[in-house]
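Hello,

Here is the structure I promised to pass on. Please open it alongside this message, and my notes will follow below.

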Amino acid sequence: MFFPEAFINKMAKMLTEAELEKLKTALDTPLRKSIRVNTLRGTTKEVVESLESYEYVVDKMPWYKYGYFIKTAKKQAIGNTYDHYLGKIYVQEASSMLPVIALDPKEGEYILDMAAAPGSKTTQMCMHMKNTGIIVANEPSIQRISPLQDNLDRSGCINCCITRNDGRKFSHYTGMFDKVLLDAPCSGEGTFQKDIKARYVWSQNKVIENSRLQKQLLDSAIACTKKGGTIIYSTCTLSPEEDEAIIDYALNKYDNISLEKVSFEGLETSQGRTEFDGKEYNKEVKKVIKLWPQKTNIEGFFVCKMKIDE
Ligand SMILES: C[S@@+](CC[C@H](N)C(=O)[O-])C[C@H]1O[C@@H](n2cnc3c(N)ncnc32)[C@H](O)[C@@H]1O
């Protein structure tokens, strides 16, 4: 199967030959399908019973009580079930659920979802907050606003307001939010497993271009989070330039931030790298986590939890 040469060369700088082969095999293996139960619309018990009645085999994720892997011998797409139409389930990658688990949104909080569409994590936060507090769901792309709105409606989310701004603009709202989720636009190397087209549009130039924007978005997130507040920076990519290097940049620039380790029960996570391609990163970067598909059997992902000091 095709992989961009520059991507493989980069991965080879981080992995042994055997691990690199495992990564390629993992990326060429169909991704396990997964759903999140939306407790704003139904209980886990009723959803599991309903999916089993459609002959789905439902397997709970050890690290998340609302997350399930699903299999079916039939060809029926999960998106064609009543549970999906009625908003009782949300079809969401297992990795994509992790940033919200790490952010731990609570009832009554004021949260910014800086890059929100199509709303997987907005709807997940809304569910954790039991539709209380406020989520500002921001998305600059006009084409992506309507899927975001549809997903909020289908999921029964009534604590969200959608804004259409460049995320960098939020730097003007100093210390406003309790928590900020920055699920950053990225080169999507983690999605190579389910989306072959992503491999063809990938380039190292795009990685570098993304990393510039990601730094500016993180600057904005740091500015608009209140003292004692929390930021999650996440990507669905594996390139250190978009992951560890962004956190290293922030640690070197700000003296009022610190990192917190996150872990997920039963999930093998890898700590952040402290060097890449001749560049040394701040040692604190070890606290971030990387999900390698060859180790986890879920999509590649990166999650960093950051606190603004009191
Ligand atoms: C990884 S996707 C977000 C996925 C979403 N959080 C979810 O879980 O459904 C990144 C999003 O960032 C948006 N984006 C691109 N440039 C941006 C910017 N300057 N400010 C904020 N968002 C941006 C993209 O349009 C895209 O929708």
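Predicted model: local features only at pLDDT ≥ 70, side-chain atom pairs only at ≥ 80, totals over all residues.

Residues are numbered from 1 along each chain as its sequence is written, and side-chain values use heavy atoms, with hydrogens and water left out.

The ligand is surrounded by 19 residues (a heavy atom within 4 Å counts as near). The closest are Lys121, Glu139, Arg144, Gly167 and Asp183. By class, this shell holds ten nonpolar, four polar and five charged residues.

- Lysine 121 places a polar side-chain atom 2.8 Å from a ligand oxygen.
- Glycine 167 has a backbone N or O atom 2.8 Å from a ligand nitrogen.
- Proline 118 has a polar backbone atom 3.3 Å from a ligand oxygen.

Alone, the ligand exposes 600 Å², of which the protein buries 85% (Shrake-Rupley method, 1.4 Å probe).

Helix H6 (120–128) and helix H9 (204–224) each give two or more residues to the shell; helices here are DSSP runs of H or I with at least four residues. Eight of the nine residues in H6 are buried (under 20% relative accessible area, 1.4 Å probe, protein chains only), and Lys121 is one of them. Just after H6, lysine 130 adopts a positive phi of about 50°.

Best wishes

How values were computed: Polar contact = N/O pair within 3.5 Å; in protein donor to acceptor, adjacent residues only side chain to side chain. Nonpolar A, V, L, I, M, F, W, Y, C, P; charged D, E, K, R; others polar. Buried < 20%, exposed > 50% of the residue type's maximum accessible area, 1.4 Å probe, protein only.
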